[in-house]
Amino acid sequence: MSELSAEVRVQVARLRNLLIDVARCGALGSPLGALPHTELDPMEVQAIWWLKAESLLPVNILAERLGGIAPPRLSRLLDRLEAAQLVQRERSVRYDRRRVRVRLTEQGRALAEQADSVVQERMARLLMPLEGEQRSALMDLLEGWVEALGGKNRAPELAAAEEGETDAPTADELEPAAAPRRTHTELMAITANAA
């Protein structure tokens with residue numbers, strides 16, 4: 001941290017303190033934590049949530065989304081979800097049959113919808129203490145932060161998929177997962193309905 005400017009060090013300290021304060025308010029827990037799905041463990045719920053968010057994922061990308069879990073652990077997790085008829089694995093015929101992708105079944109999508117509705121309610125409770133303009137400003141700042149972090153840049157994944165070098169999703173596979181940009185009014189309506 002010694003290479004950082006004094007301004008950045010001050011901002012890091014402020015962010016650290018803000019995160020501690022947010023945690024003290026009880027708002028730092030994962031919105032996916034303790035979802036009302038007693039038959040699934042939290043990692044299985046997270047896998048289902050990611051598959052809902054991104055539609056079809058190669059196994060290695062799903063492992064990254066789940067915090068870089070080891071392949072044997074992910075394989076066991078997928079075995080359990082497949083046995084429960086919540087996901088299905090499919091081999092990629094396009095490039096290499098050894099590459100496996102995962103998608104939700106109808107049952108899995110229904111469960112993911114339930115989980116997502118709980119997550120949205122929890123997020124709404126976090127946002128409701130702010131006024132409409134403050135919520136909008138916060139969302140604008142967070143979107144700018146994600147863009148700066150490179151979260152919206154999926155060009156490398158697309159290029160790799162087109163070249164067939166990795167099992168990253170193709171443009172067709174990414175398209176359903178792309179979240180639509182919403183207007184401030186639409187976001188307010190969603191937040192109001194979730195509360």
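These are my notes from a look through the model above, starting with its ground rules.

**Ground rules.** This is a predicted model, so I kept in mind that local features need pLDDT of at least 70, side-chain atom pairs count only at pLDDT 80 or more, and totals for chains, interfaces and linings use all residues. Residues are numbered from 1 along each chain as its sequence is written, and side-chain values use heavy atoms, with hydrogens and water left out.

**Sheet.** I went for the strands first. Three of them form an open sheet in the order β1-β3-β2, with antiparallel pairing. Helices (H or I, at least four residues) and strands (E, at least two) are DSSP runs, numbered from the N terminus. Two strands pair if DSSP finds at least two bridges between them. I noted β1 (56–58) and β2 at the edges, each with a single partner strand, so one side of each has no neighbour in the sheet. On average, neighbouring strands here are turned by 30° against each other, direction ignored. Axes for such angles are lines fitted to C-alpha atoms, for helices over the stretch in contact, and angles run from 0 to 180 degrees between N-to-C directions.

How many bridges join β1 to β3? I found three, with the two strands running antiparallel. In β3, V102 stands opposite L57. I also saw α4 lying across β2 and β3, running at about 120° to β2.

**T105.** Next I checked the loop between β3 (100–104) and α5 (106–127), where T105 is found. Is T105 buried or exposed? T105 counts as buried, at 16% relative accessibility. The cut-offs: buried is under 20% relative accessible area, exposed is over 50%, partly exposed is in between (1.4 Å probe, protein chains only). Neighbours within four places in sequence aside, T105 is in contact (heavy atoms within 4.5 Å) with Q85, L86, V87 and Q88.

**Salt bridges.** I got 10 salt bridges for the structure. The criterion is a side-chain nitrogen of Lys or Arg within 4 Å of a carboxyl oxygen of Asp or Glu.

I looked at R80 next.

Then I took R103 and E90, whose side chains form a salt bridge at 3.1 Å, N to O. R103 lies in strand β3 and E90 in strand β2 (residues 87–91), so the pair ties together parts 13 residues apart in sequence. R103 counts as partly exposed at 27% relative accessibility. Shared partners join D41, E44 and R80 into one salt-bridge network.

**Nonpolar patch.** Which residues make the nonpolar surface patch of about 400 Å²? I have L138, L142, W145 and L149. Patches are made of residues with over 30% relative accessible area and no salt bridge: like charges are joined within 9 Å, nonpolar side chains (Val, Leu, Ile, Met, Phe, Trp, Tyr) within 5 Å. Accessible areas come from the Shrake-Rupley method with a 1.4 Å probe; for residues, only the protein chains shown count as cover. L138 lies in helix α6 (residues 132–149) and counts as partly exposed at 31% relative accessibility.
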